[in-house]
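Biologist: Could you walk me through how the strands and helices are arranged here? I'd like to start with the sheets.

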Amino acid sequence: MSMTPEKATIGRNVPLRRLVTGLWQMADQERDGKPFDLDAAAAALVGYARDGFDSFDMADHYGSAEIVAGMAHKALRDAGEAPPTILTKWCPEPGAMDLAMVRAGVEIALRRLDLPSVDVMQFHWWRYEDPEYLTALHNLMRLREEGLIREIGLTNFDAAHLHLALSEGIEIASNQVCFSLLDRRAASAMSEVARANGVAILAFGTLCGGFLSDKWLGRDEPAEIPDWSRMKYKRFIDANGGWTRFQALLATLGEVAGKHDVSISNVATAWTLSHPAITATIIGARLGERQHRQDNKRALDLALDADDRAAIAAVLNEMDKIPGDCGDEYRKPPFLTASGDLSHHLDALPPVFPIVESAVRPGRVRADSGSIWEEKAGFARAIRSGDRVLVSGTTATGPNGNAIGQGDAAAQATYILDKISASLDALGGTLEDVVRTRIYLRNEADWEVVSAIHARYFGAVRPANTLIAGVTLIGGYDVEIEAEADVANCAGQAGD
């Protein structure tokens, strides 16, 4: 990966502007069947490309974004001009991810784009408890070999699962995550993993739907918000401590902007791009309505000095921090998304593991993961008796019996705890119901990294825990974990 103030390359040499044009807002522009001129939108996008904004980001659910980007791509090719870089996203529902399923997802995007291949296919996964995302990523690698995609990207993966995917030999070019003055989660563990492995972090939400701009300085808190983008980022403002603190941030950014004769948006963008792990920022466009291209370019030449950074840091220290890691807002509270609370969507997903009634103890149920050893050795992945759920010692064994994260204790611990979470979910419990865990390590030197992963899952729950090192684990695994849960106060319990 190489980078200049204006351009970068990611993966094996995919060109990328450091200011990427995001087409997320096309979904809002077409909301509820509103009329939308695709030809005019494509012509507007050609104008972006000719003005140096020739990297386009979109997704399968951004309305007609892929179609419009394909039209713009063709117009530029027909004019003998350099084609834009196309980044799109595939966001499937959890389920089987065999090669045919993954191929179908990619081919839908290629048909909409009217292209033989896409520069970067970015993959999103709703819940890590379902390990089929690793199958999907391995199959994306196969499609990359066939030439249907040039590079594999991720979107909204957290640091632990980016690390896990990399440990499986998946060649990840980029991870697109929310990152801004109001959301600095990517500045810690995510940045460490990305920089260590040459993964580009593509930051969206940098301007918080336009809230980080001169327009909102000194303004009253809005009572109603008409578009999805600002609906989403108003939730980030609230999570940071509210409108008064946000206005204090804008005032400081305004002072820095005035010093350099630039806009507040320029300062917000320059601050983001100056982070060493950030390769590019994605700035949303409302095609055919308004554009700020000339102003946005000024951020590329803005160098914040030590006094600027100190002033910004001082006001940020007075604000609350968005909890958790990147992408958590799509998987757990607080759901800081355009649609708000996603609980109904996540609760509608079926359990990963099937529930089986006991043949010898009425009312007792178990969850099986499908491992051949559960039947051969006569045990359950997890069993529920009354309000107790006991999860057997669990290793990082994939659905096909393959070892996951070989030689990487942190990756194995992440996979194991996802598997334990899936077991609890099948039996009507959650990680919050866990009262005891036991960790077995082959190597004592791994205790700290594995403990950090345990804290990621249980830091707020704080169950009783025992950690034993120097254990010979069957199969050469580095980690094995078991858990006990009390689901007495859990609603919707399995077996009730």
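Modeller: Keeping in mind that this is a predicted model, you can begin with an open sheet of three strands, which has the order β1-β2-β3 and antiparallel pairing. Its edge strands are β1 (2-3) and β3 (14-17), each of which pairs on one side only.

Biologist: How many bridges are there between β2 and β3?

Modeller: Strand β2 (residues 7-10) pairs with β3 over four bridges, in the antiparallel sense, and K7 stands opposite R17 in β3.

Biologist: OK, switching to the open sheet of seven strands, what's its order?

Modeller: The order there is β12-β13-β14-β15-β18-β16-β17, and the pairing is mixed. At the edges stand β12 (355-357) and β17 (464-468), each with a single partner strand, so one side of each has no neighbour in the sheet. From one strand to the next, the twist averages 15°.

Biologist: And which strands does α15 touch?

Modeller: Helix α15 packs on the sheet and touches β12, β13, β14, β15 (388-394), β16 (434-441) and β18 (479-486), with its direction making about 30° with that of β18. Helix α16 also packs on the sheet, where it touches β16, β17 and β18, and its direction makes about 160° with that of β16.

Biologist: At what angle do the axes of α15 and α16 cross?

Modeller: The axes of α15 (residues 409-426) and α16 (residues 447-458) cross at roughly 30° and come within 8 Å, which means that α15 is roughly parallel to α16. The contact includes A409 and L417 of α15 and V449 and F458 of α16, and its residues divide into nine nonpolar, two polar and one charged.

Definitions and conventions:
Residues are numbered from 1 along each chain as its sequence is written. This is a predicted model: local features need pLDDT of at least 70, side-chain atom pairs count only at pLDDT 80 or more; totals for chains, interfaces and linings use all residues. Side-chain values use heavy atoms; hydrogens and water are left out. Axes are lines fitted to C-alpha atoms, for helices over the stretch in contact, and angles run from 0 to 180 degrees between N-to-C directions. Helices (H or I, at least four residues) and strands (E, at least two) are DSSP runs, numbered from the N terminus. Angles under 35 degrees count as roughly parallel, over 145 as roughly antiparallel, 65 to 115 as roughly perpendicular and the rest as oblique. Contact means heavy atoms within 4.5 Å. Ala, Val, Leu, Ile, Met, Phe, Trp, Tyr, Cys and Pro count as nonpolar, Asp, Glu, Lys and Arg as charged, and the others, Gly among them, as polar. Two strands pair if DSSP finds at least two bridges between them.
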